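Below is a short briefing on one protein chain. Please keep the sequence and the 3D view open while reading.

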Amino acid sequence: MAQIRIARRGQPDHSESRTFPRKAMAEEWAKRRELELSSPGGILSAKWKGVTLDDAIERYLHEFAQDAGRSKRATIQQLQRFPVARVQVTELASEQIIEHAVMRRNSGIKPSTINQDITWLGIILKTAAAAWKMPVALNEFESAKLLMRSKGLVSRPGSRDRRPTYEEIERIRDYFRRSQMIRPSAIIPMEDIMDFAIASSRRQEEITRLTWGDLDDQAMTCWVRDAKHPRQKWGNHKRFKLSHEAMAIIQRQPRSHGEERIFPYNGKSIGTRWRAATAACGIEDLRFHDLRHEATSRLFEAGYEIVEVQQFTLHESWDVLKRYTHLRPEKLVLR
């Protein structure tokens with residue numbers, strides 16, 4: 001048996017041992033390992049020997065993604081199903097990252113979706129280096145990313161410009177009305193919620209967090225708690241302006257004893273009902289979030305300026321706000 005012990009000042013000694021059938025083999029291994037461990041970062045690499053990307057993803061999910069939504073966790077966990085997840089983190093090189101992107105492209109995945117894989121891969125590798133002191137070759141990751149961008153393997157998603165037509169809204173409205181007539185006491189008032197989303201530009205989860213206590217009838221404003229923010233997940237409370245139509249929808253909602261929320265429903269259930277409605281109506285590629293696009297565009301078409309529209313929509317930047325304004329030429333008023 002060959003054994004190596006390296007003393008380190010102010011730190012525990014590092015030791016390794018291995019059994020060989022012949023003394024010459026043991027001596028050769030010991031000399032080689034001593035050279036490897038004496039190189040910069042050698043002992044650190046030895047500490048993480050055998051740790052795969054799959055292990056790093058699992059630790060990341062446990063330590064840093066406990067509050068992540070279902071969609072975000074599913075995107076991260078999907079990486080664990082691919083061959084790249086079985087590579088040791090300390091040995092992950094640019095060619096393996098590029099091979100993953102090529103494999104995904106060949107299976108018909110769009111560059112914008114592949115970009116999500118690479119983005120999360122980068123986050124996990126950087127977390128491993130910063131939080132766990134893993135000797136990750138981040139330069140290999142950056143080199144791979146540069147090449148993939150230049151070859152079109154990855155790309156940022158394009159701006160979505162889907163707006164529902166008047167006919168589509170009316171077909172969905174009819175569907176919700178029929179559903180309400182069949183089960184009036186058990187169904188979410190989806191017609192009101194759809195109209196409120198268009199009138200207020202609020203996201204489906206935000207709608208279900210609005211409370212009577214945060215509503216100011218006189219000023220026609222309301223607070224939205226934990227509004228979506230690119231960097232701040234919690235505590236981003238903001239007050240927004242309500243249109244007359246939005247106020248009218250709020251005022252006709254029933255108030256229940258002990259219930260503070262104006263729309264006391266589950267956001268996921270709203271999404272499920274919306275998808276069922278669009279499917280039943282034969283309407284393709286129309287998301288509930290597209291109603292926010294519609295609301296923003298209608299505000300511009302009504303003549304509001306960017307700074308005024310922002311008081312309704314609460315977009316963080318004007319550049320982002322411009323991306324959501326898909327004006328229809330027939331709505332523009334000539335001066």
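Three strands make up an open sheet, in the order β3-β4-β5, with antiparallel pairing. Its edge strands are β3 (215-216) and β5 (238-241), each of which pairs on one side only. The model is predicted, so local features need pLDDT of at least 70 and side-chain atom pairs count only at pLDDT 80 or more, while totals for chains, interfaces and linings use all residues. Residues are numbered from 1 along each chain as its sequence is written, and side-chain values use heavy atoms, with hydrogens and water left out.

**The sheet**

- Strands of a sheet pair through backbone hydrogen bonds, either parallel or antiparallel.
- Here two strands count as paired if DSSP finds at least two bridges between them, and strands themselves are DSSP runs (E, at least two residues), numbered from the N terminus.
- β3 and strand β4 (residues 221-224) run antiparallel and are joined by two bridges.
- β3 and β4 form a hairpin with four residues between them, and M220 in the turn has a positive phi of about 55 degrees.
- β4 and β5 also pair in the antiparallel sense, over four bridges; W223 has R239 in β5 as its bridge partner.
- D216, in strand β3, is partly exposed, with a relative accessible area of 31%.
- From D216 to K241 the separation is 25 residues in sequence and 9.8 Å in space, C-alpha to C-alpha.

**The chain as a whole**

- The chain holds 15 helices and five strands; helices are DSSP runs of H or I with at least four residues.
- Of the 335 residues in the chain, 42% are buried (buried means under 20% relative accessible area, exposed over 50%, partly exposed in between, with a 1.4 Å probe and protein chains only).
- Among contacts between residues at least 6 apart in sequence, 61% join residues at least 24 apart; a contact means heavy atoms within 4.5 Å.
- The accessible surface of the chain is about 19900 Å², and 50% of that belongs to carbon and sulfur atoms (areas come from the Shrake-Rupley method with a 1.4 Å probe, and for residues only the protein chains shown count as cover).

**Helix α6**

- Helix α6 (residues 111-131) has 21 residues and should span 30 Å at 1.5 Å a residue; its end C-alpha atoms are 30 Å apart, which agrees.
- The expected span is 1.5 Å times one less than the number of residues in the helix.
- Buried residues of α6 include I114, I118, L121 and L125.
- An α-helix has 3.6 residues a turn, so residues three or four places apart point the same way.
- The buried residues of α6 pack against α3 (53-64), α4 (70-78), α5 (94-106) and α7 (138-150).

- Most residues other than glycine have a negative phi, and most peptide bonds are trans.
- K133, which is not a glycine, has a positive phi of about 60 degrees.
- K133 lies in the loop between α6 and α7 and is exposed, with a relative accessible area of 53%.
- L314, also a residue other than glycine, has a positive phi near 65 degrees.
- L314 lies in the loop between α14 (306-313) and α15 (318-323) and counts as buried at 13% relative accessibility.

**Aromatic rings and charges**

- The structure holds eight aromatic pairs, counted when rings of Phe, Tyr and Trp (its six-membered ring) have centres within 6.5 Å; planes under 30 degrees apart count as stacked, over 60 as edge-to-face and the rest as tilted.
- The rings of F64 and W132 have centres 6.3 Å apart and planes at 45 degrees, so this pair is tilted.
- The pair links distant parts of the chain, with F64 in helix α3 and W132 in the loop between α6 and α7, 68 residues apart.
- F64 counts as partly exposed at 45% relative accessibility, whereas W132 counts as buried at 5%.
- One aromatic cluster is formed by Y60, F64, W120 and W132.
- The charged end of R202 sits over the ring of F240, 4.4 Å from its centre, and the charged end of R255 sits over the ring of W212, 4.3 Å from its centre.
- A charge sits over a ring if NZ of Lys or CZ of Arg is within 6 Å of the ring centre and within 35 degrees of the ring normal.
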